[in-house]
Amino acid sequence: MRSSGRNSRGSGSGGKNYRGAGNRRDEQQQRAGRPRPEERRYDVGDGPKAGPKAGPKAGPKGGGPKGGGPKAGPKGGPKAGSQGGGPRGGSQGGGPRTGGPSAGGPKAGGGRGRKPGPARPREYEAQIEERNRARHDKPRVKLPKTFGEQEGERLQKVLARAGMGSRRACEDLIDQARVEVNGKIVTEQGMRVDPEKDEIKVDGLTVATQSYLFFALNKPAGVVSTMEDPDGRQCLGDYVTNRETRLFHVGRLDTETEGIILLTNHGELAHRLTHPRYGVQKTYLAAIQGPLPRDLGKQLKSGIQLEDGYARADHFRVVQNTGKNYLVEVSLHEGRKHIVRRMLAEAGFPVDKLVRTAFGPIALGDQKSGWLRRLTNTEVGMLMREVDL
């Protein structure tokens with residue numbers, strides 16, 4: 001009876017006793033099928049690897065015919081553990097280890113389902129975010145000037161932006177030694193300058209930077225010489241309403257006087273152009289009635305006594321004469337109110353019409369009444385030279 005019992009317990013399939021070898025193989029298989037450390041520490045979702053492992057490995061090495069075959073692979077733990085063949089088949093073939101989290105748990109049951117990775121704890125996510133922030137928040141390394149961007153702009157680029165021509169043409173100006181920076185002639189290409197601080201000249205004339213604007217307006221009669229008029233009359237501001245930068249007028253013309261008036265945002269230049277110290281000359285054409293005495297020009301040049309002092313003309317000539325109608329040209333450097341009208345009226349020749357044809361080196365030319373034009377760099381350079389800028 002005992003021998004038959006031993007044979008029945010030791011026989012798994014075919015009645016042969018494979019107890020010693022089977023135990024060793026089962027132990028090796030259990031070691032190979034143990035879950036990895038990370039799988040033991042965290043909740044493991046359904047994965048693709050559990051089904052194949054549970055089927056072919058747990059089935060053939062189960063204790064009996066039902067110990068691991070087709071049911072242990074796809075269905076996993078519960079049936080592999082309960083239907084293992086014999087008392088030893090349940091523990092060694094498809095028992096607790098085969099039906100646990102490694103083979104028959106949720107990993108085995110979902111071999112064909114979802115593939116979520118192992119869940120990471122919040123502390124680990126916080127560490128990753130902190131490392132990323134530390135990597136991107138590093139202070140910027142200050143490189144030597146030879147590796148970083150050099151200060152200033154290339155001289156030919158500044159000249160081209162100022163309207164002196166293309167960059168190639170500006171390079172030719174440098175090659176011809178016609179450009180000077182801060183009083184020194186530039187002969188090499190690639191020099192860097194600061195347009196706001198450095199004084200740049202071409203052929204002795206200062207080049208205006210892009211930040212300053214200079215315009216000449218042919219003011220019509222009836223326009224008030226102010227940028228805004230509280231009474232709603234037409235003023236100079238009506239001609240520059242679409243400008244981004246605020247402009248202001250250089251000097252004034254009375255309402256009935258026509259001619260050139262300058263508009264700019266260069267405060268120092270505007271101040272010097274109107275200051276008596278610099279004596280910028282203005283030229284006017286006046287229509288008067290004759291006949292004129294021959295010494296009228298001499299009287300104006302020697303000085304006319306007005307209520308606010310003497311006023312002297314720098315130049316006088318008759319431009320046109322038709323019968324009693326005379327068109328005379330008067331040049332003077334003073335800027336007192338109505339100065340030309342008062343001088344001619346004091347001499348006995350009231351003015352019928354007055355037009356300012358030049359302001360310093362800037363001439364009105366054929367510019368139509370009411371037209372606004374931007375001064376060229378040459379004209380701006382001439383203005384600056386006139387007032388020692």
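## Two strands side by side

Two bridges link strand 5, which covers residues 200-202, to strand 6, and the two run antiparallel. For one spot to look at, find Lys201: its bridge partner in strand 6 is Thr206. Keep in mind as you look around that this is a predicted model.

In general, the strands of a sheet pair through backbone hydrogen bonds, and they can do so in a parallel or an antiparallel way.

## The sheet they belong to

## A cavity elsewhere in the model

The structure also holds two cavities of 30 Å³ or more.

Which elements supply at least two residues each to its lining? They are strand 7 (214-219), strand 9 (258-264) and helix 12 (267-274). Strand 9 gives the most, with three residues.

## What lines that cavity

Here's the lining of the second largest cavity by name: Phe214, Phe215, Leu262, Leu263, Thr264, Leu269, Leu273, Leu375 and Leu383. Sorted by class, that makes eight nonpolar residues and one polar residue, with no charged ones.

Notes. Residues numbered from 1 in each chain as written. Predicted model: local features only at pLDDT ≥ 70, side-chain atom pairs only at ≥ 80, totals over all residues. Heavy atoms only, no water. 1 Å grid on protein atoms, 1.4 Å probe; cavity = no way out; pocket = protein on both sides within 12 Å on 5 of 7 lines; lining within 4 Å. Points joined across faces, edges and corners; volume = space filled by probe spheres on them. Helix = DSSP H or I, 4+ residues; strand = E, 2+ residues; numbered from the N terminus. Nonpolar A, V, L, I, M, F, W, Y, C, P; charged D, E, K, R; others polar. Pairing = 2+ DSSP bridges.
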